[in-house]
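Q: Could you walk me through this structure? I'm new to it, so please go slowly.

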Amino acid sequence: MIAQAMTAEGTPSRIASVLAPGGRAALFLLAALAIVLLFLGPIVILLVTSLRPGWAVYYIYRGTAFTVQNYLDVFARPAVVRAFVNSFILATLATVFSLGITVTSGYMLSRFDGPIPRTWFGTIYVFRTVPYISWVLPLYLVDYYFGLYDTFAGILLPHIAVHICFFSWIMKGFFDGIDPSMEHAAMIDGCTRWGAFRRVALPAAIPAIAALAILSWLYTWNEFLFALILTGHNTALITVTMAQFVTELGTAWNLMSAMAVLAIGPAVLITVFAQKYVIRGLRI
């Protein structure tokens, strides 16, 4: 009985010792380290693989054979350079055009009530409930029928549609958080509704618009499914061009990794330098 009592009393003491300030700090440090390894581990392996010769990609944990020739070989392929240019153009155009519609769409949903806003809200709601993958075959048939397959218009319009359906909701939430009293005051002073939107509401929503622009650009840059089905040789994008390193003779892991690192670069730079705008925008 005494031993059981001591064991029962000792268990809380051991737990308390683990949860002591030093133990809690160590536990937090281990958890943070595990999270960092979980997210950065694949990136480190990808980077090391991209610097290995072709014969050493299966031995990335040992050996000192490193080379930058993989990056030179990747850029020596015209298809890769063209894919980077196509992806940059597509991501930029999709962001500009979709925001031009999304901002006004979110403002309408936030400030107006009537059959038109309700119908528009119901339309984008229905489109957002449709599974993403189920869009691919109809879009392919539409592009092929209208001669838009393997053109910038054929891949740009679906991206704009997806952005409008998703970001209109987010933009509505941003405008809901902006006090409309200043807009009413501007209209009392003689501004039209459009003038109040342009002079009052729009400047207040600039951080939100910047955040959506970054998210929209990154989404288009990283998108794979539409790029796989709706593009060909003329409009090949980076996410699909990586597959050219998979051949009947095997997979050139070193070259594929080098291209993946190059593709990650712009996204990482935008995320690092624009992080504060994303945080500010999402907090409105």
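A: Before we start, one term: contact here means heavy atoms within 4.5 Å. Please also keep in mind that this is a predicted model.

Q: Is methionine 187 buried or exposed, or partly exposed?

A: Methionine 187 has a relative accessible area of 26%, and because buried means under 20% and exposed over 50%, methionine 187 is described as partly exposed.

Q: What is methionine 187 in contact with, leaving aside its neighbours within four places in sequence?

A: With those neighbours set aside, methionine 187 is in contact with Thr192, Arg193 and Ala196. Arg193 has come up already, as one of the H9 residues that meet H4. Phenylalanine 197 is 10 residues from methionine 187 along the chain, and their C-alpha atoms are separated by 9.8 Å.

Q: New topic: what volume does the largest pocket have, and what lines it?

A: The volume of the largest pocket is about 240 Å³. Its lining is made up of Trp120, Ile124, Phe127, Val130, Trp135, Leu139, Leu157, Pro158, Ala161, Ile164 and Cys165. The elements giving two or more residues to that lining are helix H5 (115–129) and helix H7 (152–176), and H7 provides the largest share, five residues.

Q: How does that pocket lining divide by class?

A: The lining of the largest pocket has 11 nonpolar residues, with no polar and no charged residues.

Q: What about cavities, how many of 30 Å³ or more are there?

A: The count comes to one cavity of 30 Å³ or more, and the largest cavity has a volume of about 40 Å³. Residues lining the largest cavity include Ser87, Leu90, Trp221 and Glu223, and by class the whole lining has four nonpolar, three polar and one charged residues.

Definitions and conventions: Residues are numbered from 1 along each chain as its sequence is written. This is a predicted model: local features need pLDDT of at least 70, side-chain atom pairs count only at pLDDT 80 or more; totals for chains, interfaces and linings use all residues. Side-chain values use heavy atoms; hydrogens and water are left out. On a 1 Å grid over the protein atoms alone, a cavity is a set of points where a 1.4 Å probe fits but cannot get out, and a pocket is an open set with protein on both sides within 12 Å along at least five of seven lines; lining residues have an atom within 4 Å of a point. Grid points are joined across faces, edges and corners, and a volume is the space filled by probe spheres set on the points. Ala, Val, Leu, Ile, Met, Phe, Trp, Tyr, Cys and Pro count as nonpolar, Asp, Glu, Lys and Arg as charged, and the others, Gly among them, as polar. Helices (H or I, at least four residues) and strands (E, at least two) are DSSP runs, numbered from the N terminus. Buried means under 20% relative accessible area, exposed over 50%, partly exposed in between (1.4 Å probe, protein chains only).
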